[in-house]
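Me: Please walk me through this model, one feature at a time. I want to know how to read each kind of feature before we look at the case.

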Amino acid sequence: MTTEQPIAAPAGPPARQPEGPPAGQAASPVAQPPAAGSAPLVRSARADDEAALAALDAATWSTLHAVTPRPVPPLPPFFRAGRGPEAHLVAEVPESPGRPVGYLRLLPSTPLASNAHVRAVQGLAVDPAVRGRGVARALLRAAVARCRAEGARRLTLRVLGHNTPARRLYESEGFAVEGVLPGEMYLDGDYVDDVLMGLRVHPEE
């Protein structure tokens with residue numbers, strides 16, 4: 001599905017407010033509600049977004065969420081076979097129309113027909129300059145809306161165990177932990193858990 005029209009996030013149940021951070025840890029800006037009058041716009045990606053998205057991907061790389069090596073120039077193509085513009089939602093903010101400040105990659109979980117009702121978030125990034133304005137939350141809600149439009153029943157994602165801000169955001173949007181692979185990744189000298197989270201996109205069923 002490719003469209004340049006804004007993708008409205010479903011109203012859904014009100015998001016649960018995350019608990020305060022542990023002592024000594026700053027609250028996550030990404031989990032805060034958007035500032036009044038500056039709500040992000042989410043749309044489907046276009047082919048001409050590629051350079052901006054590749055740069056955004058490189059600029060936001062961190063072992064807090066990345067399990068691949070740091071990207072170095074020349075950057076590889078952002079869009080590839082099976083994950084072209086149609087697999088991406090991008091976010092803009094009113095003061096920078098046309099410039100992606102965040103993206104979410106949404107793909108079938110597997111190529112199996114028996115698993116066709118499941119979608120997976122396989123990438124999510126937000127420009128640090130606009131964090132705290134609800135960009136990631138808007139992207140997640142637009143992904144849920146797309147899943148519903150396509151008839152999908154489940155949305156899954158994987159998040160590193162030490163990425164507390166992201167985990168709080170996902171939990172506040174209704175995702176639940178469905179499994180943990182202890183010490184699955186080795187990053188920055190430490191073994192890190194890989195956490196599987198899931199959401200039923202038709203909760204009334």
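Me: Are Asp 49 and Arg 43 buried or exposed?

Reply: Start with the cut-offs: buried is under 20% relative accessible area, exposed is over 50%, and partly exposed is in between (1.4 Å probe, protein chains only). Asp 49 and Arg 43 are both buried. Their side chains meet in a salt bridge, at 2.9 Å from N to O. That term asks for a side-chain nitrogen of Lys or Arg within 4 Å of a carboxyl oxygen of Asp or Glu.

Me: What should I know about the model itself and its numbering?

Reply: This is a predicted model, in which local features need pLDDT of at least 70 and side-chain atom pairs count only at pLDDT 80 or more, while totals for chains, interfaces and linings use all residues. Residues are numbered from 1 along each chain as its sequence is written, and side-chain values use heavy atoms, with hydrogens and water left out.

Me: How many salt bridges does the rule give?

Reply: The count is ten. For each one, check where the partners sit. Helices (H or I, at least four residues) and strands (E, at least two) are DSSP runs, numbered from the N terminus. Glu 150 is partly exposed, at 36%.

Me: Which residue forms a salt bridge with Asp 194?

Reply: Arg 158 does, with the closest N and O atoms 2.3 Å apart. Asp 194 is in strand S7 and Arg 158 in strand S5, so the bridge ties together parts 36 residues apart in sequence. Asp 194 is buried, with a relative accessible area of 6%. Arg 158 is exposed, at 55%. Bridges can also share partners: Arg 43, Asp 49 and Glu 92 are joined into one network that way.

Me: How do I read a nonpolar core?

Reply: In soluble globular proteins, nonpolar side chains tend to be buried together. A nonpolar core here is a set of buried Ala, Val, Leu, Ile, Met, Phe, Trp, Tyr and Cys residues joined through side-chain atoms within 4.5 Å. The largest has 31 residues, and Leu 155, Tyr 170 and Phe 175 touch the most other members. S2 (88-92), S3 (102-108), S4, H2, S5, H3 and S7 each supply at least two of its residues. H2 gives the most, nine.

Me: What is Tyr 170 in contact with?

Reply: Contact means heavy atoms within 4.5 Å. Beyond its neighbours within four places in sequence, Tyr 170 contacts Leu 124, Leu 140, Leu 157, Val 159, Phe 175 and Met 197.

Me: Which residues of helix H3 are buried?

Reply: In H3 (164-172), Ala 166, Arg 168, Leu 169, Tyr 170 and Ser 172 are buried. The buried residues of H3 pack against S4 (118-126), H2 (135-149), S5 (154-160) and S7 (190-200). Gly 174 follows H3, with a positive phi near 100°.

Me: Which residue has a positive phi although it is not a glycine?

Reply: Asp 188, at about 50°. Asp 188 sits in the loop between S6 (176-187) and S7. Asp 188 is exposed, at 65% relative accessible area. For omega, look at Pro 73 to Pro 74: that peptide bond is cis, near -5°. Pro 74 lies in the loop between H1 (50-59) and S2.

Me: In what order do the strands form the sheet?

Reply: Two strands pair if DSSP finds at least two bridges between them. The open sheet has seven strands, in the order S1-S2-S3-S4-S5-S7-S6, with mixed pairing. S1 (41-44) and S6 are the edges, each with a single partner strand, so one side of each has no neighbour in the sheet. S2 and S3 pair in the antiparallel sense over four bridges. Leu 89 stands opposite Leu 104 in S3.

Me: Which strands does H2 touch?

Reply: H2 packs on the sheet, touching S1, S2, S3, S4, S5 and S7, and its direction makes about 25° with that of S3. Axes are lines fitted to C-alpha atoms, for helices over the stretch in contact, and angles run from 0 to 180 degrees between N-to-C directions. H3 also packs on the sheet, touching S4, S5, S6 and S7, at about 160° to the direction of S5.
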